[in-house]
Amino acid sequence: MKITRRAVLRLTGAAAASLALSSCSASGTILGSNFSAWLQKTLGGSASSAASSDAASDLVVSPLPEGEQLDPGFAVTPAYDADPLTGEARRSGGRIVGVMVNNISNTSRQNARPQRGIGSADVLIECKVEGGITRFCAVFHDADAIPEIGPLRSGRDQFLQLLMPYQALYYHDGESAACTKFISVYDYSGLNLGGKSYFNTPVHPHVAHRDSRGRDVAYEHTEFTSGTEIKQAAANAGIGLDYACDTTFFRFADYRTGAENAMKGTASGKSVSIVHSDHYKTSFSYNWFDHTYKMQMYSRISGQFEKAVDELTGKQLSFDNLAVCFAPIAAYPGDSGDVQQVSYISGGEVYFFSRGGMVRGTWQKASPEHPLRLFDESGAELIFNRGKTYLAIVDDDEWSNFSYQ
């Protein structure tokens, strides 16, 4: 078969438009049977070979006639290659890193706030861990993007399970026995730094440093790490930090076209109040100027809400997207010390906020090795705006205390 360069450009442009309008996977690697049929019909003739994925390599493209220019109206759209956490054009081929960060705020000695480095995270995950306390997992697109961060705290499986499908490095100091069990069963010890040797699971030590920040705080709230230390710990363990993830954490509006989800026709979602427990509450206020949600947290010490800031920059934490997933959460049975488990397999309701609007839907996570997926009420996958995301996993029992307007 012989076709002209202009025909190739037109077909490629139409294919790009088809991709932009279809429900293809975020990785951009699946065209779907409808496109194949359309291509066969368009090329005509005995096009069974043209409809196959191998046929494209057999096309002979004739050169442009002398003096003829390419038609700028049919520019080739590059392959989708998004940053897995923000949906922007990919910044590196580094491995995703999740760092466990303390969030205790009970007394002046039992106080981890303000945390360092979490304002630089691409995704910040919050969930109840035990005793009503929540903890953060700050997720970065690679180790080079991590500043000094902490205070560092122990790992929990509800965070690990969200990272596993992306082969992320999980970084912490210690972990619950349940977390180690997941690491053992799913053979994840090769990407786990700072764990315990329960169940004869291999251990890779973390690298960190201590800083009391000039305060009288308990020793367990004084540990910090950094991208440099994380890279050293990974090197000590023989863990590679190059891993170009081929899918995204959420489905994002396409960076190649500059598209965004304007949330037109949705319910108002300009203020959000989340209750994790009696003393751990998080709220957000939408800022029209920069289209982000500003974060506040309730302080048991002061008895009021305070701005959540990054101690390194002094800036209030802000996010382009908020996702609040309600799930069955309860203590592991037996003498678990109230360590909480999330029943991800049960699925549940999700409330998605972006651009001052709210969409209600459902979430699914079939197993620890399956990614979290969020859907609107029609069953279509929710489209996140590019940028930073706060993800809350909240106990179903706190649904009545959740509010937005």
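What share of the contacts in the protein chain with a separation of 6 or more comes from residues 24 or more positions apart?

1. The share is 64%. This is a predicted model, and the values below should be read as computed from it. The protein chain has five helices and 25 strands. Of its 405 residues, 48% count as buried. The exposed surface comes to about 18,100 Å², with carbon and sulfur atoms supplying 50% of it.

2. Strand β24 covers residues 389–395, and seven of the seven are buried, so the strand is largely enclosed by the rest of the structure. Both faces are covered. T389, L391, I393 and D395 lie on one side, while Y390, A392 and V394 lie on the other. The buried set therefore includes D395, which falls under the 20% relative accessible area used as the cut-off.

3. Two strands pair with β24. Strand β4 (residues 123–130) runs parallel to β24 and is joined to it by five bridges; here I125 has L391 as its bridge partner. Strand β17 (residues 321–327) also pairs with β24 in the parallel sense, over seven bridges, and V324 stands opposite A392.

4. The largest nonpolar core holds 93 residues. V99, M295, L374 and I393 touch the most other members. I393 is also one of the buried residues of β24. Leaving aside neighbours within four places in sequence, L374 is in contact with residues including F250, A323, C325, V350, W363 and F384; T362 and E381 are also among its contacts.

5. The whole structure has 23 aromatic pairs. One of these, F402 with Y404, is tilted, at 5.8 Å centre to centre and 45° between the planes. Elsewhere, ring pairs link Y166, F249, F250, F252, F352 and F384 into a cluster.

6. Two charges sit over rings. The charged end of R116 is placed over the ring of F224, 4.8 Å from its centre. The charged end of K281 is placed over the ring of Y298, at 5.0 Å from the centre.

7. Helix α4 spans residues 177–185, with A178, C179, T180, F182 and I183 buried. An α-helix has 3.6 residues a turn, so residues three or four places apart point the same way. The buried residues of α4 pack against α3 (157–163), β6 (169–171) and β7 (192–193). Just after the helix, D187 takes a positive phi of about 50°.

8. Some backbone values deserve a check. Most residues other than glycine have a negative phi, and most peptide bonds are trans. A cis bond joins R113 and P114, with omega about -10°; P114 is in the loop between β3 (97–101) and β4. Another cis bond joins G150 and P151, with omega about 5°; P151 is in the loop between β5 (133–140) and α3.

9. Positive phi values also occur in loops. Q167 has phi near 50° and is placed between α3 and β6; its relative accessible area is 30%, so Q167 counts as partly exposed. F199 has a phi of about 60° in the loop between β7 and β8 (209–210). F199 is likewise partly exposed, at 43%.

Technical notes. Residues are numbered from 1 along each chain as its sequence is written. This is a predicted model: local features need pLDDT of at least 70, side-chain atom pairs count only at pLDDT 80 or more; totals for chains, interfaces and linings use all residues. Side-chain values use heavy atoms; hydrogens and water are left out. Buried means under 20% relative accessible area, exposed over 50%, partly exposed in between (1.4 Å probe, protein chains only). Helices (H or I, at least four residues) and strands (E, at least two) are DSSP runs, numbered from the N terminus. Two strands pair if DSSP finds at least two bridges between them. Contact means heavy atoms within 4.5 Å. Accessible areas come from the Shrake-Rupley method with a 1.4 Å probe; for residues, only the protein chains shown count as cover. A nonpolar core is a set of buried Ala, Val, Leu, Ile, Met, Phe, Trp, Tyr and Cys residues joined through side-chain atoms within 4.5 Å. Rings of Phe, Tyr and Trp (its six-membered ring) pair if their centres lie within 6.5 Å; planes under 30 degrees apart count as stacked, over 60 as edge-to-face and the rest as tilted. A charge sits over a ring if NZ of Lys or CZ of Arg is within 6 Å of the ring centre and within 35 degrees of the ring normal.
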